[in-house]
Amino acid sequence: MVGGGIAGLAAAWELACAGRGAVTVFEPGRIGGKIRTSTFSDRPVDEGPDAFLVRTPEATDLCAEIGLDDLVAPSAGRTLLWTGGRLRRLPDGLVLGAPGRLAPVVRSGLLGPLGLARAALDLVLPATPPDGDVSVGQLVAGRFGRQVATRLVEPLLGGIHAAALEELSAELTAPQLLAAARRHRSLLLGLRAQAAAAGPPAGPIFLAPAGGTGRLVERLEKALRRAGVGFSPEEVTAVRAGPPGEGGEPVEVTTASGRHRFGAAVVAVPAPVAGRLLGPDGPDDLGRIPFTSVAVLTVALPDGSWTPPAGFNGFLVPHDEHRLVTACSFFSSKWPAIAGPGRPIVRLSAGHSQDRRVDTLSDEELTARLLGELQQAIGQQVAPVETRLSRWPAAFPLYRPGHGALVERIGQELAACSSRLVLAGASYGGAGIPACIRSGRAAARQLLTA
Ligand SMILES: Cc1cc2nc3c(=O)[nH]c(=O)nc-3n(C[C@H](O)[C@H](O)[C@H](O)COP(=O)(O)OP(=O)(O)OC[C@H]3O[C@@H](n4cnc5c(N)ncnc54)[C@H](O)[C@@H]3O)c2cc1C
């Protein structure tokens, strides 16, 4: 296994469960990759992801398999939008920001009269079923107009992926919207029909281990070690399909200590790194997946100095507000079971494919500017008792329209080079923790059948 992020660990777990041969995970950095929980203001506070979706079962299944059963849900808070200098409530009935009902959007006051009129046109426009993959921007603006795209969908979906809607593949990042647009004449009516068929959510939408997402990695690492999986802190510098027959082991992994031969390897590092490791014989297209850097500023405020708006878990910021902050989570009210009582803690996110300031600003500048924007958003001065800046360079893969076809091509090129090498991780089929677990386990299963 090359890379000990959640995708690599999940692949190792799949192989360990199958009991097939010795497994080694090469991870020169922190085990868990982008999943990192560390102590902040005497509490465990996540530096990267703080929860996983439960709509797909991969993360909850893995937790159950490794005996991690103390999962907690965020408090049932709503989301605000920081726009026009005010924090306003996002309307009900949105699906990834797209409206399934118009009345709540009208009441929210987030769209102007022209924007509302254009959104309502969706109900009467002829069907425009997208042919193949399109951008989320094209899909949403085509049905509802620009205002819905920029004020509702972009803050949510663009915030999740740190990207503009025009750069996001609808197939990968908004499959619900694409399915509704293909099956129904009106996108709004399609989303409404989807919601009616699905019924109200049976349980929480997100969960996290009590003590932070880092607990998932700790438990998984322990379970892997118990199952005999080895961990090497060496950085891998090359992965090659060796000449067939030589030494019986067809894959060669190079580190500073030499060349190590294995029966097969899962390469679970970001695509550009995988491209470098696989060298000129590997798929050319690995270097064509772009990445965006993000940063998270965690801030603890003095006890009682500020109370987050009751019933809200944070705010999102539309990109056309030209702020540095893209989202703010009221950590202490969102995760009372993790944060405990007392001092308010917030997490501010920054970084966007069309705003590269995270790459250029110093730690001091980033911190000062984000704090300044927090003050403006909440309308009061803040005097933090502690701050922590977590930088994630080139962290978010940009899933451009056609990403699925690109990934398929990469897979075919690699398969033509060796059936004993498989790729896994956030670069390919989705960045969420469940998608990365799915990708790692699927890669391991592919090797087991090969
Ligand atoms: C700030 C932030 C917030 C997020 N929030 C959420 C969230 O709330 N919910 C959610 O589901 N997802 C969230 N995500 C996304 C999710 O955390 C990641 O997509 C996922 O953890 C990536 O896992 P991975 O295994 O693919 O890659 P990584 O975690 O990047 O792991 C790759 C590993 O490969 C190692 N590596 C690199 N080069 C080499 C080499 N040469 N040799 C050996 N090893 C190497 C690296 O050290 C790293 O540990 C968030 C991500 C970030 C950055």
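What distance separates the centres of domain 1 and domain 3, taken over C-alpha atoms?

1. The model is predicted. In it, the centres of domain 1 and domain 3, taken over C-alpha atoms, are 31 Å apart. The contact between these two domains involves 15 residues of domain 1 and 8 residues of domain 3.

2. The chain is divided into domain 1 (6-35 + 57-74 + 209-289 + 400-449), domain 2 (88-198) and domain 3 (291-397).

3. The size of an interface is often given as the accessible area lost when the parts come together. Between domain 1 and domain 3, the buried area is about 850 Å², and carbon and sulfur atoms give 80% of it. On the domain 1 side, Lys-34, Val-72 and Pro-74 lose the most area to domain 3, together 53% of what that side buries.

4. Domain 1 and domain 3 each contribute at least three residues to the shell around the ligand. Among the secondary structure elements, α1 (6-18), β20 (386-397) and α18 (433-449) each supply at least two residues of this shell.

5. There are 32 residues around the ligand, and Glu-27, Lys-34, Ala-51, Ala-431 and Ile-433 come nearest. By type, the shell holds 19 nonpolar, 8 polar and 5 charged residues.

6. A backbone N or O atom of Val-236 is 2.9 Å from a ligand nitrogen atom, a backbone N or O atom of Ala-7 is 3.0 Å from a ligand oxygen atom, and a polar backbone atom of Asp-50 is 3.4 Å from an oxygen atom of the ligand. The ligand on its own has 1000 Å² of accessible area, of which the protein covers 85%.

How values were computed:
Residues are numbered from 1 along each chain as its sequence is written. This is a predicted model: local features need pLDDT of at least 70, side-chain atom pairs count only at pLDDT 80 or more; totals for chains, interfaces and linings use all residues. Side-chain values use heavy atoms; hydrogens and water are left out. A residue is near a molecule or strand if one of its heavy atoms lies within 4 Å of it. A polar contact is a pair of N or O atoms within 3.5 Å; within protein, one must be able to donate a hydrogen and the other to accept it, and residues adjacent in sequence count only if both atoms are side-chain atoms. Accessible areas come from the Shrake-Rupley method with a 1.4 Å probe; for residues, only the protein chains shown count as cover. Helices (H or I, at least four residues) and strands (E, at least two) are DSSP runs, numbered from the N terminus. Ala, Val, Leu, Ile, Met, Phe, Trp, Tyr, Cys and Pro count as nonpolar, Asp, Glu, Lys and Arg as charged, and the others, Gly among them, as polar. Domain bounds come from an automatic or database domain assignment. Contact means heavy atoms within 4.5 Å. Buried area is the accessible area (1.4 Å probe) that two parts lose on being put together, summed over both.
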